[in-house]
Amino acid sequence: MDYSLADVVRMTGGKRRSVQLWAESGAILAYPATDKRGTGTHRSFSRDEVIIACCLNGLARRQVGIGELIRIGRGLRTFLNRGKFRAEIEESISGTEPGEYYLVVIWPEEKDPYVLLLDESEISPEIGNRVKGHGLSIILPLTKCLAGLKG
């Protein structure tokens, strides 16, 4: 399914100009046939890119800079392309699974971020030991981040 820029804005709850900036900078990627094609061509995005935009929105609201959003977007894209966590993400979106899933985004200073998917039972003080020394990290609650994708 393809999503327009207006769809991405609505689903993320972000500002139109912010979503445009993410697309222009490469934090989210439009389909190549629709990206930077000039007046009259509207960008369109894949479901994965909308998921990335939903995750980036909360970070952008907390003043994470565009350079870091680009890096985090790459890390999330790599995570989504691995595919083995797709079912958990879709369950989180649909709300069919009773528990909550969390994305732990860890970004070392000189490398692209990487992402872990944890369920509610795995979130504990010990998570600090798993990410300690690997760079900055943030935990994103998937159900809340992806609420705009329901329906």
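Seven helices and five strands make up the secondary structure of the protein chain in this predicted model. Read from the N terminus, the order of elements is β-α-α-β-α-α-α-β-β-α-β-α. The chain has 151 residues, and 42% of them are buried. Its accessible surface is about 8,200 Å², with 52% of that area belonging to carbon and sulfur atoms. Of the contacts between residues at least 6 apart in sequence, 61% join residues at least 24 apart.

**Helix H2**
- Helix H2 spans residues 16-25, and its buried residues are Val19, Trp22 and Ala23.
- Viewed down the helix axis, these buried residues fall within an arc of 95°, so they line one face of H2.
- The cover over the buried residues of H2 includes the helices H1, H3 and H4 (66-82), together with strand E2 (44-45).
- Glycine 26 follows H2 and has a positive phi, near 95°.

**Helix H5**
- In helix H5, which runs over residues 86-94, Ile89, Ser92 and Ile93 are buried.
- These three residues sit on the same side of H5, because they cover an arc of only 100° around the axis.
- The packing partners of the buried residues of H5 are H3, H4, H7 and strand E3 (101-107).
- After H5 comes glycine 95, whose phi is also positive, near 75°.

**Threonine 12 in H1**
- Threonine 12 belongs to helix H1.
- Its relative accessibility is 9%, under the 20% limit, so threonine 12 counts as buried.
- Apart from neighbours within four places in sequence, threonine 12 is in contact with Val19, Ala53, Cys54 and Asn57.
- One of these contacts, Val19, is among the buried residues of H2.
- Another contact of threonine 12, Cys54, is one of the residues closest to the centre of the largest pocket.

**Alanine 60 in H3**
- Alanine 60 is a residue of helix H3.
- With a relative accessible area of 23%, alanine 60 is partly exposed, because that class lies between 20% and 50%.
- Once neighbours within four places in sequence are set aside, alanine 60 is in contact with Trp22 and Leu69.
- Serine 18 is 42 residues away from alanine 60 along the chain, and the C-alpha atoms of the two are separated by 8.4 Å.

**Largest pocket**
- The largest pocket holds about 320 Å³ of space.
- It is lined by 17 residues, of which Cys54, Gly58, Arg62, Lys144 and Cys145 are the closest to the centre.
- Helix H1 (5-12), helix H3 (47-61), strand E5 (136-141) and helix H7 (142-145) each contribute at least two lining residues.
- H3 supplies five residues, the most of any element.
- Sorted by class, the lining consists of nine nonpolar, five polar and three charged residues.

Key
Residues numbered from 1 in each chain as written. Predicted model: local features only at pLDDT ≥ 70, side-chain atom pairs only at ≥ 80, totals over all residues. Heavy atoms only, no water. 1 Å grid on protein atoms, 1.4 Å probe; cavity = no way out; pocket = protein on both sides within 12 Å on 5 of 7 lines; lining within 4 Å. Points joined across faces, edges and corners; volume = space filled by probe spheres on them. Helix = DSSP H or I, 4+ residues; strand = E, 2+ residues; numbered from the N terminus. Nonpolar A, V, L, I, M, F, W, Y, C, P; charged D, E, K, R; others polar. Buried < 20%, exposed > 50% of the residue type's maximum accessible area, 1.4 Å probe, protein only. Arc of directions from axis to C-beta. Contact = heavy atoms within 4.5 Å. Areas by Shrake-Rupley, 256 points an atom, 1.4 Å probe, with all protein chains shown as cover.
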